[in-house]
Amino acid sequence: MRRRKVRFLFPENPGMDPAGVAYIMGHSFVKAKRSTFFMKKLVIDIGYSFLRKNCRGPAVALNIPHISLIEVGMIYYV
């Protein structure tokens with residue numbers, strides 16, 4: 001069995017911070033419980049996902065480089 005080596009290559013970009021800063025962005029997702037009524041489930045699941053997908057994220061607005069971004073999330077069941 002042959003082992004593969006992983007190598008990271010950082011591009012020579014003058015916009016990249018040489019100090020090695022990592023940005024941690026938190027996300028929260030809202031889902032309806034299984035026992036919720038159909039109409040409430042429709043509004044929560046589809047409405048919230050529509051707003052989440054169509055609103056500009058803070059990583060884009062703050063011009064954070066993708067290579068320096070760590071995203072964490074939490075799911076809330078209502």
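**Exercise 1. Find which residues make the nonpolar surface patch of about 540 Å², and state whether Val 43 is buried or exposed.**

Step 1. In this predicted model, the patch is made by Phe 38, Met 39, Leu 42, Val 43 and Ile 46. Patches consist of residues with over 30% relative accessible area and no salt bridge, where like charges are joined within 9 Å and nonpolar side chains (Val, Leu, Ile, Met, Phe, Trp, Tyr) within 5 Å; a salt bridge is a side-chain nitrogen of Lys or Arg within 4 Å of a carboxyl oxygen of Asp or Glu.

Step 2. Val 43 has its place in helix α1, residues 38–54, and with a relative accessible area of 52% Val 43 is exposed (buried means under 20%, exposed over 50%, and partly exposed in between, with a 1.4 Å probe and protein chains only).

Residues are numbered from 1 along each chain as its sequence is written. Local features need pLDDT of at least 70 and side-chain atom pairs count only at pLDDT 80 or more, while totals for chains, interfaces and linings use all residues, and side-chain values use heavy atoms, with hydrogens and water left out.

**Exercise 2. Work out the order of helices and strands, and say which element has the lowest mean pLDDT.**

Step 1. The protein chain has two helices and two strands, which follow the pattern β-α-α-β along the sequence; helices (H or I, at least four residues) and strands (E, at least two) are DSSP runs, numbered from the N terminus.

Step 2. Helix α2 (residues 58–61) has the lowest mean pLDDT among the elements, 72, whereas strand β2 (residues 69–77) has the highest, 89; pLDDT is the predictor's confidence in each residue, from 0 to 100.

Step 3. For the protein chain the mean pLDDT is 81, and 85% of its residues reach 70 or more. Where pLDDT is low, the predicted coordinates should not be read in detail.

Definitions and conventions: Areas by Shrake-Rupley, 256 points an atom, 1.4 Å probe, with all protein chains shown as cover.
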